[in-house]
Amino acid sequence: MVFANIEYLFLLLLLIPYIVWYILKRRNNEATLQVSDARVYAHTPKSYKNYLLHAPFALRVASLILIILVLARPQTTDSWQNSEIEGIDIMMAIDVSTSMLAEDLKPNRLEAAKDVAAQFI
């Protein structure tokens, strides 16, 4: 995969301070429930809600990564070669008037013209 604007990938470096800021902010967070002794809660099992607390941040980081990748414009590479071809345009005109229904050719002139055109193509 090749990127058309590879310089946009340097924006991924801006995510490092953002992630560090989030970790430091979460570490300095004060508890909402003040208890005199927290030893009782030390062995309580952690719920999935504790981990879902970080889901918005993870989704935000993932969306920023995808936006930066889109800005870099990933492209697939194939071996392309340009070739010039000359062609001839052929146009066929068929008379569809009632005179073509004359039966001097079998079954009639219109069907004979259609057969000749089908053989030509």
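This is a short walk through one predicted protein chain, from its overall form down to a few single residues.

Okay, housekeeping before we look at anything. It's a predicted model, so local features need pLDDT of at least 70 and side-chain atom pairs count only at pLDDT 80 or more, while totals for chains, interfaces and linings use all residues. Residues are numbered from 1 along each chain as its sequence is written, and side-chain values use heavy atoms, with hydrogens and water left out.

So, the overall form. The protein chain has four helices and two strands; these are DSSP runs numbered from the N terminus, with helices being H or I of at least four residues and strands E of at least two. Going along the sequence, you read β-α-α-α-β-α. The radius of gyration is 37 Å, well over the 14 Å from the globule rule for 121 residues, so the protein chain is more spread out than a compact globule. That radius is taken over C-alpha atoms, and the rule is 2.2 Å times the number of residues to the power 0.38. You can see it in the C-alpha trace too, which spans about 115 × 35 × 20 Å along its principal axes.

How much of the protein chain is buried? Buried residues are 9% of the 121, where buried means under 20% relative accessible area, exposed means over 50%, and partly exposed is in between, using a 1.4 Å probe and protein chains only. The protein chain exposes about 11400 Å², and 61% of that comes from carbon and sulfur atoms. Areas here are Shrake-Rupley, with a 1.4 Å probe, and for residues only the protein chains shown count as cover.

Now contacts, meaning heavy atoms within 4.5 Å. Among those between residues at least 6 apart in sequence, 72% join residues at least 24 apart. Ile68, in helix α3, shows you one such place. Leaving out residues up to four places away in sequence, Ile68 touches Tyr8, Leu9, Leu11 and Leu12. Ile68 counts as buried, at 8% relative accessibility.

On the record side, an unreviewed UniProt entry lists residues 6-24 and 51-72 as "transmembrane region"; positions are in the numbering used here, feature names are shortened, and annotations may be inferred rather than shown by experiment. In the model, residues 6-24 are 53% helix and 0% strand, with end C-alpha atoms 31 Å apart. Residues 51-72 are 86% helix and 0% strand, and their ends lie 32 Å apart.

Last stop, salt bridges: a side-chain nitrogen of Lys or Arg within 4 Å of a carboxyl oxygen of Asp or Glu. How many does the structure hold? Two. Asp104 pairs with Arg109, closest N and O atoms 2.8 Å apart, and Glu111 pairs with Lys114 at 3.7 Å, N to O. Glu111 and Lys114 are three residues apart in helix α4 (residues 109-120), so about one helical turn separates them. Lys114 is partly exposed at 42%.
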